[in-house]
Amino acid sequence: MATTITDFSAKEPSLGYFYQIKYALLVLLSQSKELDNPKVRIENLDDIEIEDINTLQLLQTKLHIKNKANLTDASVDFWKTIRIWSEYINNGTIDLDSTIFNLITTEEIPNSSILHKFKKNITLDSEVTDVITVLDKIAIDSTNKTNEKAYLAYQNLSIENKKNLIKRIRILDNSIGITEIDDKIKRELIFSTYPNTIDAFLEILEGWWFRKSIDNLTSNIDFISSS
């Protein structure tokens, strides 16, 4: 049978959901050594939420397969994410002082973009001011209707909340794609089984993980713990 390609394909969004669930497993495995018995929630406050006794991390995952482009200052992906985080801050849903905001994207940030500063921790007040100046100008001057609500949510932040948010945003660009994620998970499992059984072990683990993820998504369980 011939393959038909239409503009209505749901392949990329479907892969995005699989990517989100598999990335949640990777995050839990990689951070369980550093955090105090972290808990993972999927599609709760964000795509992925990881919480321990001291911190809450929110992660937005953006998988792009076709039409992959750069993540720029006015990117829809970036501003959609900013809208979510800003609204949580404005309505008091989260404690800003104990939250880290992560954007995981398969796109690339060009060196010319102000977003390039988010690839590392922003600590200097001068850098924070630079970022706010650029984002404020975009939010005020842009005529992009798609980002309009995001601009409003961001502009409703107090200047202190803007500063604290900027200091707590991390962007991981050029992130691994859906086909590379298994290799990263295997590296986290390298001491959990024998090398010649790691593929079978991952298959069993992923089956268990998907069942747990469904339980979390259907509210049968509140979270999945590292233990």
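The second largest pocket is lined by 19 residues. Tyr23, Val27, Gln31, Ile104 and Leu172 lie nearest its centre. The model is predicted: local features need pLDDT of at least 70, side-chain atom pairs count only at pLDDT 80 or more, and totals for chains, interfaces and linings use all residues. Residues are numbered from 1 along each chain as its sequence is written, and side-chain values use heavy atoms, with hydrogens and water left out.

**Second largest pocket**
- A pocket is an open set of points on a 1 Å grid over the protein atoms alone, where a 1.4 Å probe fits, with protein on both sides within 12 Å along at least five of seven lines; lining residues have an atom within 4 Å of a point.
- This pocket holds about 340 Å³ of space.
- Helix 1 gives the largest share of the lining, five residues.
- Helices (H or I, at least four residues) and strands (E, at least two) are DSSP runs, numbered from the N terminus.

**Largest pocket**
- The volume of the largest pocket is about 400 Å³, the space filled by probe spheres set on the points.
- Of its 15 lining residues, Pro13, Gly16, Thr61, Lys62 and Leu63 lie nearest the centre.
- Helix 1 again supplies the largest share, six residues.

**Helices 3 and 4**
- Helix 3 (residues 125-141) packs on helix 4 (residues 148-155) at about 130°, with axes 9 Å apart.
- Axes are lines fitted to C-alpha atoms over the stretch in contact, and angles run from 0 to 180 degrees between N-to-C directions.
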